[in-house]
Amino acid sequence: MALVSQTGSAHRIGVESVRRSGGFMAFKLCTHMESLKMKENLISASSLSYSSGNLADGLRLDSARMKSKRGGRVIVATGAPAEEATVATQPLTKEDLVAYLASGCKPKEKWRIGTEHEKFGFQIGSLRPMTYEQISGLLNGLAERFGWEKVMEGSDIIGLRQGMQGVSLEPGGQFELSGAPLQTLHQTCAEVNSHLYQAKAVAEEMGIGFLGIGFQPKWRREDIPMMPKGRYKIIENYMPKVGSLGLDMMLRTCTVQVNLDFDSEADMIRKFRVGLALQPIATALFANSPFTEGKPNGYLSMRSQIWTDTDNSRTGMLPFVFDDTFGFEKYVDYALDVPMYFIYRKKKYIDCSGMSFRDFMVGKLSPVPGEFPTLSDWENHLTTIYPEVRLKRYLEMRGGDGGPWRRICALPAFWVGLLYDEVSLQNALDITADWTPEERQMLRNEVPITGLNTPFRDGLLKHVAQDVVELAKDGLKRRGFKESGFLNEVTEVARTGVTLAEKMLGLYNGKWGQNIDPVFEELLY
């Protein structure tokens, strides 16, 4: 997703300290952002726009990149960050990095919804994962039939662009739609339907299907091809040094997430806290990854469990968000301490894995001594941090498993209802206000295993989930767009406490005769 940012927030810059709960940006910050622009000879469009790039893409494309036309089709020269559009002439300061995050604030009338979803492509006959050659054919077919722009890395097609939508590839070929910034959930669901129609129209002719699930249910890690993207090789080599499940995260998981706005630093803090506290409930409601290599794996959300042993320096529940001193500056401090993966120079990724962005800030990054980071480098670095809720110039809710199309629409509905309505947001804050850090972490640890039946205080988590889903429905009703129907499926999950994962396990042990293959038909898009 790429949303144009709008300054508007109160924020501490230099000696001035201004905080407001509305959408007013302190004049000092506005002038600071202007001076920040002058710190680079040219700041790319992607550095001044929202970008929901994740492990797959980092920064979105910008207008400064070279384009060519072949056969009447627009081909974007590279899917990599727009490094060559920026040349740092002065060192960035910590103030610059803080101001970058604060520049995402925007008034409520400009808030939008950006939904991303991933799915597994598979060969219908053998059920094996798509090869890169098949994925290339699929992307080219979508470009030729439906007018998408091709995104290239060297000679390889690695994605598509159309307006503010993007199609990209996760490391194991998971096929992702990054949606445009949209005003209503009806528009979001229409976008999903259009994408699935187009993808299926091309894929079915190739003997390809798409599976909506959170973890690859049948194939081993070794059976899944790595996509030809430069950044992936660096991350692939680094992951085993910092956790045992990082390669599984890269190759065998799929998620649905939503990206949402805030109007001020204070608003960001409230939404961040609700998002983190209630993320385990979202994980439980959307749990859909109970199989590994053809058998039950002991989890309802294996995808969620994998993040607990991927790289603890860049994942987790971020307890400091609940500190009284938390704000944009504290998140910058956290991000600066997360080890780097790479930088992008002269159309190549340079391995900086494990190195310090703080060293980069003072020109002491060993692969490029004497060189200082640009805003594009900072934006790229922010995309390599993977907590349960991620802050860029918007907030990303990251706790949901991939699933059937109705659940793609339900995930943003859940969070929009809670976070975009003031009454529901405050009620959610009240519900979670006395939850301790230990309780929040306990839920994070236990929900992947026991889902909504996780014991919590005097009852089960499903009882809290029922109240929270009602808050979300009430919030959607107050928005006035007739969106509450998108929560019908998760309302039933909360009522019964039975997740989709548990339904799949019931089928596996019953109708399917402990054969995993029918899941490819059951959860086929």
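Analyst: Happy to; what follows sets the computed values against the definitions behind them. This is a predicted model, in which local features need pLDDT of at least 70, side-chain atom pairs count only at pLDDT 80 or more, and totals for chains, interfaces and linings use all residues. Residues are numbered from 1 along each chain as its sequence is written, and side-chain values use heavy atoms, with hydrogens and water left out.

User: How do you know what confidence the predictor has in the protein?

Analyst: The score to look at is pLDDT, the predictor's confidence in each residue, from 0 to 100. The protein averages 88, and 83% of the residues score at least 70. Over residues 1-28, though, the pLDDT is below 50, while the model gives this stretch 103 contacts beyond near neighbours in sequence (contact means heavy atoms within 4.5 Å). Residues 40-79 also stay under 50, with 157 contacts beyond four places in sequence. Where pLDDT is low, the predicted coordinates should not be read in detail.

User: What makes up the secondary structure of the protein?

Analyst: There are 18 helices and 19 strands. Helices (H or I, at least four residues) and strands (E, at least two) are DSSP runs, numbered from the N terminus. As for contacts, residues 24 or more positions apart account for 74% of those with a separation of 6 or more.

User: Why is Ile208 called buried?

Analyst: Buried means under 20% relative accessible area, exposed over 50%, and partly exposed in between, with a 1.4 Å probe and protein chains only. Ile208 has 2% relative accessibility, so it counts as buried. This residue lies in strand β8 (residues 208-211). Beyond its neighbours within four places in sequence, Ile208 is in contact with Phe122, Gln123, Ile124, Met130, Gln134 and Ala203. Across the 525 residues of the protein, buried ones make up 62%.

User: And why does Thr188 count as buried?

Analyst: Its relative accessibility is 1%, therefore Thr188 counts as buried as well. Thr188 is found in helix α4 (residues 185-205). Not counting residues up to four places away in sequence, it touches Ile113, Thr115, Leu182 and Pro412.

User: Why is strand β4 described as largely enclosed?

Analyst: Of the 5 residues of β4 (residues 149-153), 4 are buried, so the strand is largely enclosed by the rest of the structure.

User: What makes the contact of α2 with α9, and how is it divided by class?

Analyst: The axes of α2 (residues 94-102) and α9 (residues 328-337) come within 9 Å and cross at roughly 115°. Axes are lines fitted to C-alpha atoms, for helices over the stretch in contact, and angles run from 0 to 180 degrees between N-to-C directions. The contact is made by Lys94, Leu97, Val98, Leu101 and Ala102 of α2 and Phe328, Glu329, Tyr331, Val332, Asp333 and Leu336 of α9. By class there are 8 nonpolar, no polar and 3 charged residues. Here Ala, Val, Leu, Ile, Met, Phe, Trp, Tyr, Cys and Pro count as nonpolar, Asp, Glu, Lys and Arg as charged, and the others, Gly among them, as polar.

User: Why is α9 called largely enclosed?

Analyst: In α9, 7 of the 10 residues are buried, so the helix is largely enclosed by the rest of the structure. Among them are Tyr331, Tyr334 and Ala335.
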